[in-house]
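Visitor: I have a model open here and would like to talk it through with you. Could you take my questions as they come?

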Amino acid sequence: MTYDTRRRWAALAGQGGSILVTLFGLLILTFVIGRIMPTDPVRAIVGEDATREVYETVYRQLGLDRPMWEQFFVYLRDVATFDFGTSIRTGQPVLQDILHVLPATIELATFAILFGAGVGIPLGVLAAVKKDRWQDQLIRIFSLMGHSMPIFWTGMIGLLIFYAALGWVGGSGRMSQFYIGLVPERTNFLLIDSALAGEWEVFRSALNHIVLPASLLGYSSSAYITRMTRSFMLDQLGQEYVTTARVKGLSRRQTVWRHAFGNIRVQLVTIVALAYGALLEGAVLIETVFAWPGFGQYLTSNLLIGDMNAVMTCVLIVGVIFIALNILSDLLYRIFDPRTR
């Protein structure tokens with residue numbers, strides 16, 4: 001085994017160990033959250049009018065009478081076997097509930113990040129190239145507004161203008177009420193399921209309903225991406241190689257996009273990945289405004305009634321998503337930057 005091979009295996013082992021340690025820390029965090037929340041999981045099940053005997057019976061059935069360390073190892077065993085308990089609100093396994101609602105949020109967040117990155121990156125580059133000119137000032141105002149305006153407020157204003165007044169987009173929900181139940185749920189991604197079923201009217205309705213919430217969510221994300229892209233590009237445009245490229249006769253467009261932008265792609269991978277993760281976990285308000293039956297609305301409704309099985313599982317899944325996005329970022333680093341291989 002050569003030195004380079006040993007080094008690669010050592011790096012992979014180190015990365016794998018780091019992931020395991022992070023996952024273990026995440027499990028500890030979710031367990032602690034489930035124990036320090038100011039809600040009584042037993043009362044959430046039996047109700048306020050239950051007798052003392054019924055309360056104590058359920059208390060023992062949940063294992064809350066055991067030592068804390070034993071409860072933690074039981075929790076680890078359940079997670080290892082993908083047993084996250086049953087939801088109090090739906091009466092179904094929590095994992096089944098989440099697999100049903102998560103695709104709706106992934107669909108929404110994916111459209112939002114495509115909008116956010118598609119708008120934010122070009123605007124950030126333009127702002128850096130036109131530094132301190134009117135274009136830069138206008139883009140910075142655009143970014144500041146997107147970062148400052150509460151998403152629930154922009155959601156309500158968007159519904160009033162583009163749905164109620166102009167009728168350009170669909171209203172609340174994932175599709176019109178008329179089409180509910182027409183498409184068999186194969187993947188739970190409504191756009192994919194409707195396309196597979198050949199229900200193009202449902203597809204158009206779903207697309208019409210996702211445009212507004214995804215655009216508003218993407219606008220708040222584009223504000224962050226624009227500011228970071230501008231900062232990265234300003235740093236690169238101030239480097240000597242940019243001046244050298246211009247002296248050698250390269251056009252401004254080639255210098256900006258081929259050289260300067262090429263050197264910030266790796267940094268933008270992390271920014272976009274983190275923004276996507278934030279959209280997945282932060283879509284709670286926009287889902288509430290648009291009655292979007294997704295992960296955020298599921299977490300909120302279960303948090304309000306003290307359904308700790310659902311809440312702990314949602315927190316765990318959010319953490320796993322961020323870990324997965326970091327791993328994906330590392331893989332993309334190796335593609336975009338050969339020096340990291």
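Visitor: Let's start with a helix pair: how close do the axes of α10 and α11 come, and at what angle do they cross?
Guide: Bearing in mind that this is a predicted model, the axes of helix α10 (residues 240-247) and helix α11 come within 10 Å and cross at roughly 140 degrees. Because of that angle, α10 counts as oblique to α11, and the crossing of the two helices is right-handed.

Visitor: And which residues meet there?
Guide: On the α10 side they are Tyr241, Val242, Ala245 and Arg246, and these meet Arg252, Thr255, His259 and Ala260 in α11.

Visitor: Ala260, then: is it buried or exposed?
Guide: Ala260, which is found in helix α11 (residues 252-260), counts as buried because its relative accessibility is 0%.

Visitor: What does Ala260 touch?
Guide: Leaving aside residues up to four places away in sequence, Ala260 touches Met233, Gln236, Leu237, Tyr241 and Thr255. As for Gln239, which lies 21 residues from Ala260 along the chain, the C-alpha atoms of the two are separated by 9.0 Å.

Visitor: Switching topic, which residues have the most contacts inside the largest nonpolar core?
Guide: That core has 60 residues, and those with the most contacts inside it are Tyr75, Ile98, Leu217, Met233 and Ile286. Its largest share, 14 residues, comes from helix α5 (residues 94-129). There is also a second, separate core of seven residues, among them Met175, Tyr179, Val202 and Ala206.

Visitor: Back to Leu217, what are its partners?
Guide: With residues up to four places away in sequence not counted, Leu217 touches Leu108, Ala112, Ile151, Leu279, Ala283 and Ile286.

Visitor: Zooming out, how many helices and strands does the chain have?
Guide: The secondary structure of the protein chain comes to 15 helices and zero strands. Of its 341 residues, 38% are buried, and among contacts with a separation of 6 or more, 72% are between residues 24 or more positions apart.

Visitor: Where is confidence lowest, and where is it highest?
Guide: The lowest confidence is in helix α2 (residues 41-46), at a mean pLDDT of 68, whereas the highest is in α5, at 90. The protein chain as a whole averages 81, with 89% of the residues scoring at least 70.

Conventions. Residues are numbered from 1 along each chain as its sequence is written. This is a predicted model: local features need pLDDT of at least 70, side-chain atom pairs count only at pLDDT 80 or more; totals for chains, interfaces and linings use all residues. Side-chain values use heavy atoms; hydrogens and water are left out. A nonpolar core is a set of buried Ala, Val, Leu, Ile, Met, Phe, Trp, Tyr and Cys residues joined through side-chain atoms within 4.5 Å. Buried means under 20% relative accessible area, exposed over 50%, partly exposed in between (1.4 Å probe, protein chains only). Helices (H or I, at least four residues) and strands (E, at least two) are DSSP runs, numbered from the N terminus. Contact means heavy atoms within 4.5 Å. pLDDT is the predictor's confidence in each residue, from 0 to 100. Axes are lines fitted to C-alpha atoms, for helices over the stretch in contact, and angles run from 0 to 180 degrees between N-to-C directions. Angles under 35 degrees count as roughly parallel, over 145 as roughly antiparallel, 65 to 115 as roughly perpendicular and the rest as oblique. A crossing is left-handed if the near helix is turned anticlockwise from the far one by less than a right angle, and right-handed if clockwise.
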